[in-house]
Structures are given as structure tokens and as C-alpha cells.
Amino acid sequence: MNKILIANRGEIAVRIIRACKEMNIKTVAVYSEADKDALHTRLADEAICIGPSDSNKSYLNIKNIIEAAYITGADSIHPGFGFLSENSQFAKICKESNIKFIGPTSEVIDLLGNKSNSKEIMKKAGVPVIPGSDGSVKEIKEAILIAEKIGYPVILKASAGGGGKGIRVVNSSDEIENCYNLVKHESKISFNDDEIYIEKYIKNPRHIEIQILADEHGNVVHLGERDCSIQRKHQKLIEETPSTAIDERLRNKMGEAAIKVVKATGYTSCGTVEFLVDSNKNFYFMEMNTRIQVEHPITEMRTGIDIVKEQIKIAAGEKLKFKQRDIEFRGHSIECRVCAENTNQNFLPCPGKITGLNLPGGNGVRIDSAIYDGYTIPPYYDSMIAKIIVYGATRNEAIAKMKRSLEELVIDGIDTNRDFLFDIIRNPDFIRGNFDTSFIDKIL
Ligand code: MV4
């Protein structure tokens, strides 16, 4: 691998460029008209404009991105997260264009993109799944029968969904027909696919995910869990590892289940297996994310493994240089996502010019960001502008580091969620580790 085109923007583009520089790989940034002065555009060895501000015409424009790779002689493309990162068509076109897509194969992305199919595969592979329909439900009568059997409340989900779109909880038989039609309709509109499935609703679960690495030679390792329960409207706000709900025995069991998921699908690259954990510590496979994730740094802090570099080495056909027993889990890491938004106006995004900036630093503090003093945050993209990642020997030390980091943080000129993050970090239930996915709704 000689030259990587980064088909993304913002902090993840910068994160990938940094990994490439340390590996002596040349970098090509692509940027939209709005991102002419963006940090990723400036940091890469070369930068090429791929279209107007609207993502559909630039960061989602497959033709322009492939052309940019040809023009610059890039031999591979890193898709980052969001945008084209889980687009199987894009992975396929890269391959057909003789460009290495840094991620799993197009076929595996498709397989895992269909949530009811992937659930069936996991059930057959011996991975625990939530009781519900075998695959998709074809008609309302079938949905009613299954709901009666497993008992209310149940949840209806779009097979093509994931991450929170196209789901509905059904509390009683009075609601099921209406909900069935609603989810089917929403799925058709959002994903152009009206396949849906049904499962038992688990009240107030924890969202726990396992990071994996899988090379093209059959070697698979897991890098432990991340607790992503602190989220609002399916947007994660704070993530940590280890989880206060997971002990070593459960970590090993969930890690082994995640490796089964990988082996059952022939998955390669880095990836994340999402589980729900109920209040009795039962865990269930939910879905697999076939990309590098926003919260990957906390796992890097706790394991010392650079996940982006490993992802690139795997794409280059290298073998993993460590086995499961070589991986040591040490200390505690927490990430806060800093967003340009007004938390008093229903978290309304708040783009604009940064007129003063102080980013925290010091021992055990890492900032992944693409902002700088004088930078104007464009209104077209995600509102996340920085990630504060702290690392300490214990959870209490990590919390103390996050508190003082948020105190040091100054971003003038725009509204941010800093104070809201601060409220969570100081919350007694958060400090006790006593929370689940309902935490933010409860404090708001
Ligand atoms: C569930 C669930 C409870 N029971 N499935 C939300 C996003 C999508 N990935 C699946 N989701 C859920 N599925 C069953 N059977 C609760 C959620 C859920 C959730 C999951 C993870 C993190 C935050 C969440 C917030 C609300 C609901």
C-alpha cells in the first residue's frame, strides 16, 4: 500500500491521515467546496475537490471519489465512518476499479446489512439472540401469533435498519396492527425495503459492543468491550471501557461470541459486534458494524493497539502479529463527544466560527478533532467537532481527568454541549456506574 485516499472529512479523516503518516503511506484528502479550509484538506499530502457542500454531491459521490483515486494514483480507499463506509456498492466498485477498499468485502457488508438474516446466521452459529421471529415476518397474522407466544412488550424492526431508524415498541395486542403497518411503511420509505422482524422487547438494556480485528488469513481477536449506554436518540455521548456491568468472565464469553460472529460470516478488517445486556446480565447479539467506529480510541487507550493501523495492515494482506492471549487490558478509558449544538434548544446544531479555542491536554488526555482557532464549522455535516478521550489507572482517575479536561475546554463563538457532558460526568448514578440506555431521558 503506497497511497491511501481518505473518503471522509472531519476528525476521522485527520485520524486516518495521522496513521498513514506514521506508516510512511502517502495520503490523498478529498473535500467538498465547504471544506476548502478544513484540517483534513490541509494535512494530507494531496487534496482534491470532489464537489459541492451537499454530501450527496461530494462525500457520497462514488463516481467523483473513484476518479479522484485514479487522478492521484491512490491504490486504496479508507472510507472512515458514516458516508460510504457501509455501502456495499461502493466496496464493490472499488474492487472492480482495482482499488483496495479498506474494510470488509462487499458481500459481507451486504450479509450483515440485513439484520433479520444476520440474526438467523448468528442463531445457527450458537450466538445468543433475542427470542422472536425466525427471520422476517411476512404478514400481520404471523406477527400477532409470535407476539402472543413471546409475550408483550415486543419490538418491530426494519431488516434494513439499524442504529435506531425503523423500530417501534408494541406494548399490547391493541397496538400491533397499527405498529406493524407503520414500521413497514417507514422501512419502505427510509430504506426502500419493507422487510421487518419481531422480537421480545428488553426494557432498559445496556448497549455493550465488542471490538474485533480479523485478518485475511483466518486470525481473529477481540479487544474487549465498550459501554455505549449513555446516548440520546441513538446518538452516543459518552463511552467507556471497561463497562461497570461486565466482569472478566462475561468479557470472555462476549468476546468468544463476537469471534463466532466473525467466523460465521468470514468477516475481515476491524469491526464491532453490538450486544444488548439485560439487567440479569444476559447478552444478546444485535448487529455488527462493518466500519471503524467513532469511539474506537477508548479501546486503543486500554489495549495499546492502534486499530486504524491494524485495519490498514489487514487490508494490505498482512497477518495479525498478536494472538488473543497477547492482548492485555489495562486501566480505564472514557470518551466524551463534543458537539456544536444548543442543548437548551432541543440540541439544535449550532455551526459557526470558532473565535477562541483552548483544547485540554496533559497526562492521559487525548483529543481527536479537526477544529482550530478561527475555523468555521460548516452547517452541512455532523455536529460532532471533537472527542475528548481520557485514560487513567482506575475509573475514578479517568472520571477526574475528564472533569478537569471539560473544565479546561474553551470553545468561543459557538454553542457546545460541554456543560451537558459535565452534568453527566458529575451525576451520582454515572459515578456509581448505575445506568442503562434510559439514563439521558431520565436526567432531561
Ligand atoms: C432493542 C431494544 C430492546 N429490546 N431490541 C435501538 C437501536 C437499534 N440498534 C436497536 N435498538 C434497541 N433494540 C429489543 N429487542 C432497545 C433498543 C434501544 C437501544 C439500544 C441500544 C442503545 C440505545 C437504545 C436506546 C433505545 C432503544
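**Salt bridges and a covered strand**

The structure holds 34 salt bridges, a salt bridge being a side-chain nitrogen of Lys or Arg within 4 Å of a carboxyl oxygen of Asp or Glu. Keep in mind that this is a predicted model, where local features need pLDDT of at least 70 and side-chain atom pairs count only at pLDDT 80 or more, while totals for chains, interfaces and linings use all residues. Residues are numbered from 1 along each chain as its sequence is written, and side-chain values use heavy atoms, with hydrogens and water left out.

**Domains**

- The domain assignment, which is automatic or from a database, gives domain 1 (3–102) and domain 2 (131–200).
- Going by C-alpha atoms, the centres of domain 1 and domain 2 are 37 Å apart.

**Salt bridges to look up**

- Start with Glu186 and Arg168: their closest N and O atoms are 2.9 Å apart, and they form a salt bridge.
- Glu186 belongs to helix 8 (residues 173–191) and Arg168 to strand 7 (residues 165–170), so this pair ties together parts 18 residues apart in sequence. Helices (H or I, at least four residues) and strands (E, at least two) are DSSP runs, numbered from the N terminus.
- Glu186 counts as partly exposed at 27% relative accessibility, and Arg168 counts as partly exposed at 30%. On this scale buried means under 20% relative accessible area, exposed means over 50%, and partly exposed is in between (1.4 Å probe, protein chains only).
- Next, find Arg206 and Asp227, whose side chains meet in a salt bridge at 2.6 Å, N to O. Arg206 sits in strand 9 (residues 206–214) and Asp227 in strand 10 (residues 220–232), so to speak distant parts of the chain, 21 residues apart.
- Both Arg206 and Asp227 are buried.

**A network**

- Glu209, Arg226, Lys236, Glu239, Glu295, Glu335 and Arg337 are linked in a network of salt bridges.

**Strand 14**

- In strand 14 (residues 332–339), eight of the eight residues are buried.
- In a regular strand, side chains alternate between the two faces of the sheet.
- His332, Ile334, Cys336 and Val338 are on one side of strand 14, Ser333, Glu335, Arg337 and Cys339 are on the other, and both faces are covered.
- Strand 14 pairs with strand 11 (residues 235–241) in the antiparallel sense over four bridges; two strands pair if DSSP finds at least two bridges between them. Thr241 has Ser333 as its bridge partner in strand 14.
- Strand 14 also pairs with strand 21 (residues 384–392), antiparallel over eight bridges, and there His332 has Gly392 as its bridge partner.
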